[in-house]
Amino acid sequence: MPSHHGVGEKTGRSFPNDTLRLLIERSSCRSFENKKIPPDVLDLVLESGIHAATGGNLQPYSIIKIENQTTKDKLTKLVGDQPFVSTAPVDLLFCIDYHRLERWAKLETAPYAARSAFRHFWIGFQDTIIAAQNICTAADALDLGSVYVGTVMECFRELREMFELPEGVFPVVLLCLGYPKVRPEPRKKLGVPVMVHDEKYRELTDADLLAAFNQKYSGWKKEITVERLETIEYICREVHGDAFAEECVAKIKRQGHVNAVQNYFGLHYMASIMAADNDEFMAIMEEFGCHWFKKFEPKKTKDE
């Protein structure tokens with residue numbers, strides 16, 4: 001079965017320096033050697049993360065470093081039985097952290113409302129991911145491999161309990177680090193002409209857009225089975241109705257396979273499921289003491 005991540009690509013290119021090579025030829029590693037990361041190496045990687053760009057230099061995030069095998073085994077099950085979470089020597093859980101800043105504000109008698117401000121959420125989320133990506137690049141530079149795990153969103157409450165997260169600390173992404181058994185080939189990407197827009201957004205023609213994706217997923221096909229066809233039909237019907245479901249199934253039969261985008265949103269990131277439970281996620285944020293999506297109600301009293 002082809003990987004939903006796309007097609008591997010050997011660039012065979014030369015680069016002006018190792019930094020550019022690392023950035024352009026990076027790949028996600030899901031198979032790690034049974035070898036510990038030396039403390040001095042790990043410290044350098046982590047230091048690279050905390051020196052990442054951050055709004056106002058506030059560093060509104062925390063990183064939970066996980067090396068205990070029992071904890072990693074539990075974490076593997078929570079995020080969807082992904083075995084590399086358990087076999088990686090180090091897992092890092094990146095969290096937005098407005099708890100630490102709130103404590104600082106209280107200790108210094110400063111006004112504070114970041115847990116109720118969408119603006120702070122927006123910047124804090126960016127800062128957290130920027131730190132994580134700095135760590136990925138640093139890991140590559142030191143011959144480590146890494147892979148992101150986004151399915152922490154399926155177990156927010158369990159993570160809060162497992163890692164004793166206080167109010168205002170919210171998980172964003174998990175990162176696994178270790179020495180790769182084999183360094184995977186980088187995946188083909190859409191190129192600069194597709195991804196970069198000069199001065200204003202530019203719509204590609206249908207033909208150019210399809211050509212770009214066909215090049216990225218060149219040779220990618222998934223065999224038709226009764227189960228896959230029934231699943232895609234059901235997802236299409238849930239999201240777009242009967243007529244669209246019939247059209248999609250007919251197209252799959254004509255082409256003789258499931259194509260990449262039908263697989264992405266019909267079988268892997270199922271459209272109806274991905275769009276479900278938005279209200280539940282908002283409720284979970286509230287439980288974590290994060291009120292980014294509610295009207296702010298200041299606590300104030302008038303002078304008598």
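Reply: Rings of Phe, Tyr and Trp (its six-membered ring) pair if their centres lie within 6.5 Å; planes under 30 degrees apart count as stacked, over 60 as edge-to-face and the rest as tilted. This is a predicted model, where local features need pLDDT of at least 70, side-chain atom pairs count only at pLDDT 80 or more, and totals for chains, interfaces and linings use all residues. Residues are numbered from 1 along each chain as its sequence is written, and side-chain values use heavy atoms, with hydrogens and water left out.

Me: How many aromatic pairs does a search of the whole structure find?

Reply: The search covers the whole structure, and its total of aromatic pairs is 13.

Me: Which kind of pair do the rings of Phe 170 and Phe 288 make?

Reply: A pair of aromatic rings is described by the distance of the centres and the angle of the planes. For Phe 170 and Phe 288, the centres are 4.8 Å apart and the planes stand at 65°, so the pair is edge-to-face.

Me: Is Phe 288 buried or exposed?

Reply: Buried means under 20% relative accessible area, exposed over 50%, and partly exposed in between (1.4 Å probe, protein chains only). Phe 288 has a relative accessible area of 1%, so Phe 288 is buried.

Me: Which residue has its charged end over the ring of Phe 288?

Reply: A charge sits over a ring if NZ of Lys or CZ of Arg is within 6 Å of the ring centre and within 35 degrees of the ring normal. Here the charged end is 4.7 Å from the centre of the Phe 288 ring, and it belongs to Arg 160.

Me: What residue does Lys 35 lie over?

Reply: Lys 35 lies over the face of a ring, 4.2 Å from the ring centre. That ring belongs to Tyr 179.
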